[in-house]
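Here is a briefing on one chain. Look at the model first, then read on by topic.

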Amino acid sequence: MNELLTFGEIGQSIEEMSENAMIWVAGVYGMVFGSFFTLLGLRLPRGESIVLPPSHCDACQRRLSWYELIPVFSWIGLRGRCRTCGVLVPMTYPMMELLCGAAFFLAALQWHWGLGFWIAAWSAVGFVAIAMTDVDQHRIPDAFLIPLTVGLLAFRLFDHPLPIWDYVLGGLAGMGLLWSIRAVSRGGMGLGDVKMFGYVGLLVGISGMVLTLVLAACLGVLAGIGLWFSRRMPSDHRVPFGPAIALAAMMVYLYGSGFLAQYWAIR
Ligand SMILES: [Zn+2]
């Protein structure tokens, strides 16, 4: 008797393969969406159209070819420079694309196409746009925050691993906490950061929100040190906090519940 696979075993291995493929496909989609929402975060708050003009080099105005528009890989292939004029393309763009891809990938690994994945994807693209605007213009527009928060609230009605009040209170407490930090630091934190923590609380609940604040503060300090040593610190010494909040919130959403469960178990 030959060792033939039964139909059931074949079916199972095909299912496993397609599950693996799905996770990588999600990662690729994440990079593509990351690329689009980076553009959105740059152009919309400047009052520019998203479709026109087509993607071009900001320095020499040359329109980019298709192979210069592949997320992450184009930047690596062209060594971070424009092909014709040689101007440096900010590393922020491929970083946003890569992080968004990673968020989609890790979320798919955990939830496949479940609602948990869609909440991660929704938050990741929103965070990309917010972080890009905050880096570019030092503000977080309500035009992004309001639709994002309304959408997340709708998601949360259907998917809430914690009781729903935990998320709602997390959002309110997050805004309250950041509001008091803002009052004490006398404008060291923007009003956009305060409102963004409403979103964060709704995303990760009360304990997750506190963990996000701690993590974001650490990331912010690290970014500040990095900018200082690479001599790229802005002249007014203000480092936008939005990107640190976004990265921290995403990390807590993806892995925070395990961390918090362990923390409470140790206590
Ligand atoms: Zn150029």
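Domain bounds here come from an automatic or database domain assignment. On that basis the chain is divided into domain 1 (6–137) and domain 2 (140–267). This is a predicted model: local features need pLDDT of at least 70, side-chain atom pairs count only at pLDDT 80 or more, and totals for chains, interfaces and linings use all residues. Residues are numbered from 1 along each chain as its sequence is written.

**Overall build**

- The chain has eight helices and zero strands. Helices (H or I, at least four residues) and strands (E, at least two) are DSSP runs, numbered from the N terminus.
- From the N terminus on, the order of elements reads α-α-α-α-α-α-α-α.
- Along the principal axes, the C-alpha atoms fill a box of roughly 75 × 55 × 35 Å.
- Of the 267 residues in the chain, 31% are buried. A residue is buried if 20 or more other C-beta atoms lie within 10 Å of its own, exposed if 12 or fewer, and partly exposed in between; the C-beta atoms are placed from the backbone.
- Take the contacts between residues at least 6 apart in sequence: 70% of them join residues at least 24 apart. Two residues are in contact if their C-beta atoms, placed from the backbone, lie within 7 Å.

**Where the domains meet**

- The C-alpha centres of domain 1 and domain 2 are 22 Å apart.
- In this interface, 20 residues of domain 1 are in contact with 18 residues of domain 2.
- On the domain 1 side, the elements giving two or more residues are α3 and α4. Helix α4 gives the most, with 16 residues.
- By class, that side of domain 1 has 15 nonpolar, four polar and one charged residues. Ala, Val, Leu, Ile, Met, Phe, Trp, Tyr, Cys and Pro count as nonpolar, Asp, Glu, Lys and Arg as charged, and the others, Gly among them, as polar.

**The α4/α5 pair**

- Helix α4 (residues 115–137) and helix α5 (residues 142–158) pack at an angle of about 170°, and their axes are 11 Å apart. Axes are lines fitted to C-alpha atoms, for helices over the stretch in contact, and angles run from 0 to 180 degrees between N-to-C directions.
- That angle makes α4 roughly antiparallel to α5. Angles under 35 degrees count as roughly parallel, over 145 as roughly antiparallel, 65 to 115 as roughly perpendicular and the rest as oblique.
- On α4 the contact is made by L115, W118, I119, W122, G126, A129 and I130. On α5 it is made by F144, L148, G151, L152, F155 and F158.
- The contact of α4 with α5 has eleven nonpolar, two polar and no charged residues.

**The largest nonpolar core**

- The largest nonpolar core has 54 residues, and C100, V128 and A249 have the most contacts inside it. Such a core is a set of buried Ala, Val, Leu, Ile, Met, Phe, Trp, Tyr and Cys residues joined through C-beta atoms within 7 Å.
- At least two residues of this core come from each of α1 (7–43), α3 (92–111), α4, α5, α6 (164–185), α7 (191–229) and α8 (242–266).
- Helix α7 gives the most to this core, with twelve residues.
- Domain 1 and domain 2 both give residues to this core, so the core lies between them.
- Leaving aside neighbours within four places in sequence, A249 is in contact with V200, L203, V204 and T212.

**Two sites on α7**

- G205 is in helix α7. G205 is buried, because 31 other C-beta atoms lie within 10 Å.
- Not counting residues up to four places away in sequence, G205 touches L162, D166, Y167 and G170.
- G205 and G190 are 15 residues apart along the chain, and their C-alpha atoms are separated by 22 Å.
- L222 is also in helix α7. L222 is exposed, with 11 other C-beta atoms within 10 Å.
- L222 and A244 are 22 residues apart along the chain, with C-alpha atoms separated by 9.7 Å.

**Positive phi in loops**

- Most residues other than glycine have a negative phi.
- Q61 has a positive phi near 70° and is not a glycine. Q61 is in the loop between α1 and α2 (73–77), and is exposed, with 10 other C-beta atoms within 10 Å.
- R79 has a positive phi of about 50° although it is not a glycine. R79 is in the loop between α2 and α3, and is exposed, with 8 other C-beta atoms within 10 Å.
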